[in-house]
Amino acid sequence: MLECLEAAISYMFTVVGLHRIMANYIVGNERCSALLKRLEFEKEGLAKSYLKIDGRWQDHILNSKINPWH
């Protein structure tokens, strides 16, 4: 997954020209947290009751990565 996302992020920044990518995950999902940390995403905050998943509203950790070439 890491290699796939590294390639996708590079493409979106260099070819598509995005300035910012966001990635959010459910509180407590340590695997997602670790992956985003390895990809150098920065935590931005907590979104309370962000999405309704499996019948209940769940909090999410908000993360972003800014294009270093902009």
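The sulfur of Cys 4 lies 14 Å from the closest cysteine sulfur, that of Cys 32, which is too far for a bond. A disulfide is a pair of cysteine sulfur atoms within 2.5 Å, and by this rule the count is 0 disulfides. This is a predicted model, in which local features need pLDDT of at least 70, side-chain atom pairs count only at pLDDT 80 or more, and totals for chains, interfaces and linings use all residues. Residues are numbered from 1 along each chain as its sequence is written, and side-chain values use heavy atoms, with hydrogens and water left out.

**Cysteines**
- Cys 4 is exposed, at 53% relative accessible area (buried means under 20%, exposed over 50%, partly exposed in between, with a 1.4 Å probe and protein chains only).
- Cys 32 is partly exposed, at 31%.

- Val 16 belongs to helix α1, residues 2-16 (helices, H or I, of at least four residues and strands, E, of at least two are DSSP runs numbered from the N terminus).
- With a relative accessibility of 42%, Val 16 is partly exposed.

**Strands**
- Strand β1 covers residues 20-26.
- Its covered face holds Ile 21, Ala 23 and Tyr 25, while Arg 20, Met 22, Asn 24 and Ile 26 are on the uncovered face.
- In a regular strand, side chains alternate between the two faces of the sheet.
- β1 pairs with strand β3, residues 56-66, in the antiparallel sense over 7 bridges (strands pair if DSSP finds at least two bridges between them).
- Asn 24 stands opposite Leu 62 of β3.
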